[in-house]
Amino acid sequence: MDLFDSHTHIDMPHFQNDRPRVIQRAKDAGLVGMVTCSIGSASFRRTLGIVKKYSGFIHHSAGCSVSQLTENEAKKIEALIQKYSNEIVAIGEVGLDYHWIKDPVGRKNQEPLFGMFIDLAVDLELPIVIHSRKAETEAVNILEQRFSGDVLMHCFDGPQETAKRVAENSWFITLPANFGKYRNRREAAKILPLEQILLETDGPYLSPTTERNEPANISYGVESLSKLLDLSPEDVAHATTQNALRFYKL
Ligand SMILES: [Zn+2]
């Protein structure tokens with residue numbers, strides 16, 4: 001089976017003691033590659049080194065920690081993206097977070113920063129990876145108005161009507177390895193055609209086990225999706241891997 005982790009955070013301190021072994025386990029599990037997502041300027045710099053070391057296997061998508069983003073940090077990330085634009089495969093995760101940010105003013109303040117990253121993706125002709133926790137519909141509203149490139153709704157957990165809009169826009173979603181526990185995600189997996197679905201771990205987060213999550217666990221997502229769609233794990237692995245290679249232009 002050829003597997004691909006479409007969204008992980010391999011630069012995180014959770015992996016600092018055993019990163020080479022984690023990456024070897026991913027290869028042993030059948031992964032042909034992964035996209036690691038940096039979530040800030042310090043994370044961006046760490047990721048540059050990792051991607052250089054595992055060139056051709058680990059690819060870099062550059063984004064931010066949406067719920068903690070300041071204007072100053074956004075500017076630093078923007079400068080790094082401009083400087084290293086030919087070493088990244090996408091911009092994101094960027095977007096809106098209504099899970100951690102609850103007050104209306106704080107929510108509204110995220111929009112200009114999100115807009116800045118959208119403009120950057122347009123300028124650099126890069127695909128965009130969207131974080132839209134509890135704000136899926138709001139993020140889709142903005143993207144439909146402002147962006148005509150390729151969109152990946154990371155860890156999509158929106159309602160069915162929003163999943164239908166994502167499908168009609170020919171955008172993509174990723175499902176995490178533990179997606180079977182979430183009703184919206186199971187529904188989205190049935191609404192979107194398989195050609196628009198990617199799999200991710202979001203490791204070290206969202207573990208399907210009681211341990212730290214890591215890219216080798218992408219097999220849990222393959223298992224869940226193959227059961228849900230009544231397809232063989234091989235077919236699901238192949239299709240979702242091809243979708244990832246297509247989306248990230250690898
Ligand atoms: Zn993430």
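**Ground rules.** I am working from a predicted model, in which local features need pLDDT of at least 70 and side-chain atom pairs count only at pLDDT 80 or more, while totals for chains, interfaces and linings use all residues. Residues are numbered from 1 along each chain as its sequence is written, and side-chain values use heavy atoms, with hydrogens and water left out.

**Entry 1, zinc.** I looked up which protein atoms hold the zinc ion as donors. I found His7 (NE2), His9 (NE2), Glu93 (OE) and Asp202 (OD), lying 2.1 to 2.3 Å from the zinc ion. Donors are N, O and S atoms within 2.8 Å of the metal (3.2 Å for Na, K and Ca); water is not among the atoms, so sites may look incomplete. Helices (H or I, at least four residues) and strands (E, at least two) are DSSP runs, numbered from the N terminus. I noted both Glu93 and Asp202 as buried. Buried means under 20% relative accessible area, exposed over 50%, and partly exposed in between (1.4 Å probe, protein chains only).

Why is the arrangement around the zinc ion irregular? The angles subtended by the four donor atoms run from 79 to 174°, which makes it so. Four donors count as tetrahedral if all angles lie between 85 and 135 degrees; four count as square planar and six as octahedral if opposite donors are over 155 degrees apart and all others between 65 and 115; anything else is irregular.

A nonpolar core is a set of buried Ala, Val, Leu, Ile, Met, Phe, Trp, Tyr and Cys residues joined through side-chain atoms within 4.5 Å. The largest one has 67 residues, and Phe117, Leu143 and Met153 touch the most other members. Helix 4 (residues 104-124) gives the most to this core, with seven residues. I also found a second, separate core of 11 residues, including Val35 and Leu152.

**Entry 3, rings.** I searched the whole structure and got three aromatic pairs. Rings of Phe, Tyr and Trp (its six-membered ring) pair if their centres lie within 6.5 Å; planes under 30 degrees apart count as stacked, over 60 as edge-to-face and the rest as tilted. Phe172 and Phe247 have ring centres 5.4 Å apart and planes at 65°, so I logged the pair as edge-to-face. Phe172 is in strand 7 (residues 172-176) and Phe247 in helix 9 (residues 233-247). Phe247 and Tyr248 are also edge-to-face, because their planes stand at 80°, with centres 4.9 Å apart. Phe172, Phe247 and Tyr248 form one aromatic cluster.

Thr47 is buried at 1% relative accessibility, and Ser43 is buried at 4%. Leaving out residues up to four places away in sequence, Thr47 touches Asp11, Thr36, Ser38 and His60, and Ser43 touches Asp11 and Ser38. Contact here means heavy atoms within 4.5 Å.
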